[in-house]
Amino acid sequence: MSAAGGCQCGAVRYRAEGEIGYPHVCHCRMCQKAAGNYFMPLGGVMRKDFTLTRGAPSWFQSSHLVRRGFCGQCGTPLFYDAPEAPFINITLGSLDDPAAVQPVMQSNLENRMPWSHLLPDLPVEPPPEDDSREQGIARSACQHPDHDTETWPPETSR
Ligand SMILES: [Zn+2]
Ligand SMILES: [Zn+2]
């Protein structure tokens with residue numbers, strides 16, 4: 001298996017060969033902050049199977065054992081790295097095909113949102129009657145596509 005991924009703006013891209021180990025979601029307070037989300041989805045890639053294919057992340061040393069990598073240009077959380085470990089954790093939502101890796105575990109339940117089990121039952125917002133705003137966003141999107149690119153941003157559009 002080979003999987004690629006990267007940040008929203010495309011300045012940082014990576015490739016992972018082989019299995020993505022122990023895909024899980026972590027509910028700890030540090031992962032919530034680092035993701036700006038209710039939990040962080042993470043999976044491990046052996047260092048020998050991990051390559052940065054474009055750019056380099058910025059790092060925040062979140063404890064003396066762990067540093068967190070993110071894109072310094074767009075802020076996307078990308079990595080959870082304990083330098084002692086033989087693997088690096090990637091954020092599973094940053095994969096080009098995030099649906100391909102299904103979590104098998106969750107951790108640090110003491111910080112899990114007390115209403116997290118209710119999320120699937122929330123009412124669904126109806127589609128807008130006038131979708132011109134959505135179309136405008138789609139036409140002008142600066143988000144990197146979900147595949148590797150030769151050059152980015154495309155020279156024709158800037
Ligand atoms: Zn970026
Ligand atoms: Zn965590």
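Here is a friendly walk through the metal sites and nonpolar cores of this predicted model.

1. Some ground rules. Residues are numbered from 1 along each chain as its sequence is written, chains are lettered from A and ligands numbered from 1 in the order written, and side-chain values use heavy atoms, leaving out hydrogens and water. Local features need pLDDT of at least 70, and side-chain atom pairs count only at pLDDT 80 or more, while totals for chains, interfaces and linings use all residues.

2. Start with the zinc ion (ligand 1), which C7, C9, C71 and C74 coordinate through their SG atoms at 2.3 to 2.4 Å. Donors here are N, O and S atoms within 2.8 Å of the metal (3.2 Å for Na, K and Ca); water is not among the atoms, so sites may look incomplete. Along the chain, the spacing is C-x1-C-x61-C-x2-C.

3. The angles among these four donor atoms are 107 to 111°, and the site is tetrahedral (four donors, all angles between 85 and 135 degrees). For four tetrahedral donors, the ideal is 109.5 degrees.

4. Next, the zinc ion (ligand 2) is coordinated by the SG atoms of C26, C28 and C31 at 2.2 to 2.3 Å. C31 is buried, at 1% relative accessible area, and C26 is buried at 6% (buried means under 20%, with a 1.4 Å probe and protein chains only).

5. Finally, the largest nonpolar core has 17 residues, and Y14, I20, F50, F79, I90 and L95 touch the most other members. Such a core is a set of buried Ala, Val, Leu, Ile, Met, Phe, Trp, Tyr and Cys residues joined through side-chain atoms within 4.5 Å. A second, separate core of five residues includes C26 and C28.

How values were computed:
Tetrahedral: all angles 85-135°; square planar, octahedral: opposite > 155°, others 65-115°. Buried < 20%, exposed > 50% of the residue type's maximum accessible area, 1.4 Å probe, protein only.
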